[in-house]
Amino acid sequence: MEPAFPRDLLLFAVAGFLAVAASTARIHSGNFDPYYADHCGGVVPPQPPIVPESASAYAKLLQFRGGYFSADGRGAGSGSGSGHDLRRTVTFTPMMMYKTKSEDVINLQGTLFFVDPNVNAIFGNPKNRRLREFHVRAPKIPVRRGMAKFRLHGYWSRSSGKLCMVGSSVIFPNRSFDVVFKLNYPLKSSINSSFVSGVLESLGGDGAGGVDHFGTVSVLALSSKSVDYEYSLIEKEGGNGSFGEFDDGGGDNLSSEKLGQGLCSALKRNSAFDLEYGSVCDGGNCNPLGTDVGFLPKAMRFTMTQCSEQGKMQLLLKFQNVTNVYYGYYTFDPSTTLIGEGEWDSKANRWCAVACRILNFSTSLTDAFAGDCSIKLCWRFPATFSVINRHPVVGRMWSNETVKDFGYFDKIKFWGHSDGLPGVKYKYGVKGSVRKPCEIKTGKHKGKRYPNSDSSDMRFDMSIKNKKGQIALGYSSPLFVGDRRVDLPFHLYEDSYMLKANRTENAVQLDSSHSPLQNISYTMRFTPSVTFELGRENLSSKAVDIFAEGTYNRETGLLCMMGCRYVAQSGAEVYKNGSMDCEIQINIQLHPLTGKATEKIKGSIESTRVKSDPLYFDSLELASSSMYVEQANESILRMDLEIVMALVSNTLVCVFVGLQLFHVKKQPEVLPFISITMLFVLTLGHMIPLLLNFEALVTNHNRQSFFLGSGGWVEVNEVIVRVVTMVAFLLELYLLHMTWSARHGNDSPKGLWVSEKKVIFVSLPMYISGGLIAWFVHQWRNSHRSPFLRQGRLGLMLPPNQLARYQQLSFWGDLKSYAGLILDGFLLPQLLFNLFFDSSVEALSHSYYVGTTIVRLVPHGYDLYRAHSSAWNLDLSYIYANHRMDFYSTAWDIIIPFGGLLFAVFIYLQQRFGGRCILPKRFRGTPVYEKVPTVGTIEL
């Protein structure tokens, strides 16, 4: 009889699933008509849809993302006034849109997403939880926290702009909310009708305060892009004559023809800005957002919502209290956002705009509108860079009100640093030449090659260390080499890491001059920790930007530059009438292209001011272990070779084990004389790398191939190597099984297990003693008194938490190396077994023990060749003769092969002349003679 338990369990599961499905999708496309008639019939009367006729052309008009929402008149979530909560958004996506019998009405479905860290405070937690209440537990499907999703069905009227939909939540596992969603879309597109507003109301049957009732959520978003947008605000200004207060600094600006792909594209690539305020900042006279937001913005970002190549645009000005202006790009908070219109001034080659505050949103989001349009701003694209001006966009913002008027603020400077533009020139020597000459020792650099000034090797990551040993990480990148603009990608998602150079109009070929010296300008940035000290300035984890220019000598690899950096007022979190310190000397010595792995880029950043000067700071040490392209290519070629060698090596192991199996099949009587300890060591030697390297195969090599650009070749071949290693492991395991079975057979000679125990008693203490020695050496190398403690391979100090993790990883690496040493001496147990049993049986075939020994010893010979043939090697790329899997050095590469070959010779002698033939005669034991009867004289 078939057991009923599984069937009952299946029925229960199906019933539970149906109950959950019914409870989490109460309003759907099949039953929404009565709900819609009750709650939306008076807003947009329903019409029969014409299913085959799609109306998806209106989808872009109705959709919005990055909107703002509040619950019952309250801000949804905390921190709305601090400027830090940038994750609160609402998104509406229409789909499955069909025409109806009425040309004015569109039938549609859609999804509504609310994202907020505190979204459960609105939807997830009921106000009054009843006693003795239970819910059907939903399947344990991962649910993204901080999100509420609703699936809606309804109609939209084109003439009135009203949208009304009903639906249910689909993301909460324990309950479902029935809702009605109402939106008002603007009938025309202009600055005064740019918002979409509406409400989401709960239809919970339990009424207000019930477990499935959450009240009202108001929504405010920006309407989508429209080709019929009316630029009424900027046209009311009567052109650019009202922007006369803008001071362009007297420099040349890029014209629209030189901006590359057009005005809109140039602004989109340069839309992130830092803000600089005046010296007086009291009573809100600095804040363009007023006094209610509770913070002074550090950064601003433009988001273009409308833009025409004729030179007009609508934009949002988003102010943030964080320096990373890319964070929260799609968010929209009316308290920290201005909306405006701009126009390109073709005569002055600049953008000018008028911005408005969003008013009346605190009471009800549905009543919000754009007002107080007294804010003006202009920005330009400088045509010339220098050491004191590296910003692709500079501008000013000011108020048209008087000092006594509400909403007035002082002028604010802003500059962008996102991307450069084509056609920009560079002017050297604006602040004078390098004051302190660089020392050049020609004999020291004789016969060495250094990177060319126009190669991508000139960009490198770096670490900065002050006198107290505190570390800051950053990068250095050339901006101009001579008159040529250098464009190096700063983001990991760029397709190429090679240098791209754009020549300016008056550029000359770099190779036209025979002089080794080349003018060069650099951008250097490093981000210190909170405790990092740089003179008397409180950095507060702000990134430090140094703009430098000077000369590069391609014969000596020496960069000799002077630099400038902005210095904020003491204790200021934002730039307030900051000054520029140009008394900075920078010397950097690049390492040769054929340098050794221990060689690094070294340099110093020094202040040439006197110590009593407020801007003076102690010398900073610069170091970098960045690799050159030539070295990376060499490593990739070597990796390809090592992959083949590893594959051949593991294949030979399989062949030699197969020959041993063939040997014991022809002579099965020799099986009991094989040391089980030896086979156990070999089996573990093939199993442990498979287990320890499985995670590295999945994770570490992804970063390795990304760094070296191997394009997946490494991963594919690593898999092949692991498969061959698995085959070798299975063959060794099969040989171990055969030996174990033969040892337990009735025909097995006596005394074999006694000799095997003696092998274990001798070899096991040796292995343990060697492990303890390896542990003590590891502890000594990583002790607090050792200079290697806080200095890794990169020569950098590590924080305590990273130091502990590094020591743990290093310990496991030392253990794996010691395990490789044991595997190198795999013949030791067989040698001891032959010695104790005095066996002369040819238990191991010559091809097996000689071939396996050679396979174990060849990597050490290769490591010697690799160390002397290539001056620069990357440990991360070692695949064959991996330093993490065995002991490798000049000494070990000589000792280990000598010991391995000596063991092979001993095995050969033992199998030919007896197990104790390798001992002196007096230690070989007393021979036993057979007594022979004597013949007497009488018998003779």
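In which strand is the place of M96? In this predicted model, M96 belongs to strand β4, which covers residues 89-100. The residue is not a glycine, yet its phi is positive, at about 50 degrees. M96 has a relative accessibility of 45% and therefore counts as partly exposed, since that class lies between the 20% limit for buried and the 50% limit for exposed residues.

A positive phi also occurs at N349, another residue other than glycine, where the value is near 55 degrees. N349 is found in a loop, with β14 (337-345) on one side and β15 (350-359) on the other. Its relative accessible area is 16%, so N349 is buried.

The confidence of the prediction was considered next. The chain has a mean pLDDT of 76, and 72% of its residues reach 70 or more. Over residues 73-85 the pLDDT is below 50, and this stretch has 31 contacts in the model beyond near neighbours in sequence. Residues 695-711 also have a pLDDT below 50; here the model has 26 contacts beyond near neighbours in sequence. Where pLDDT is low, the predicted coordinates should not be read in detail.

The cysteines were then examined. A disulfide is a covalent bond between the sulfur atoms of two cysteines. The count of disulfides in the model comes to five, and among them are the pairs described here.

One of the disulfides is formed by C40 and C164, with their sulfur atoms 1.9 Å apart. The torsion about this S-S bond is about -65 degrees, so the disulfide of C40 and C164 is left-handed. The pair links distant parts of the chain, 124 residues apart: C40 is in the loop between α2 (32-39) and β1 (49-54), and C164 is in strand β7 (residues 162-169). C40 has a relative accessible area of 0% and is therefore buried; C164, with a relative accessible area of 0%, is likewise buried.

C356 and C373 form another disulfide, in which the sulfur atoms are 1.9 Å apart. Its torsion about the S-S bond is about 105 degrees, so this disulfide is right-handed. Because C356 lies in strand β15 and C373 in strand β16 (residues 369-380), the pair ties together parts that are 17 residues apart in sequence. C356 counts as buried, at 0% relative accessibility, whereas C373 counts as partly exposed, at 32%.

A disulfide also joins C564 to C582, with an S to S distance of 2.0 Å. The link of C564 and C582 is right-handed, with 120 degrees about the S-S bond. C564 is in strand β27 (residues 558-567) and C582 in strand β29 (residues 579-589), so parts that are 18 residues apart in sequence are tied together. Both C564 and C582 are buried.

Finally, the packing of two helices was described. Helix α13 (residues 846-869) packs with helix α14 (residues 892-913) at an angle of about 170 degrees, and the axes are 9 Å apart. The two helices are therefore roughly antiparallel to each other, as angles over 145 degrees are placed in that class. On the side of α13, the residues that meet α14 include H846, Y849, T853 and L857. The residues they and others in α13 meet in α14 include W892, I896, L901 and Y908. The residues of this contact divide into 11 nonpolar, five polar and two charged.

Terms used
Residues numbered from 1 in each chain as written. Predicted model: local features only at pLDDT ≥ 70, side-chain atom pairs only at ≥ 80, totals over all residues. Heavy atoms only, no water. pLDDT = per-residue confidence, 0-100. Contact = heavy atoms within 4.5 Å. Axes fitted to C-alpha atoms, helices over the stretch in contact; angles between N-to-C directions. Helix = DSSP H or I, 4+ residues; strand = E, 2+ residues; numbered from the N terminus. Parallel < 35°, antiparallel > 145°, perpendicular 65-115°, else oblique. Nonpolar A, V, L, I, M, F, W, Y, C, P; charged D, E, K, R; others polar. Buried < 20%, exposed > 50% of the residue type's maximum accessible area, 1.4 Å probe, protein only. Disulfide = S-S within 2.5 Å.
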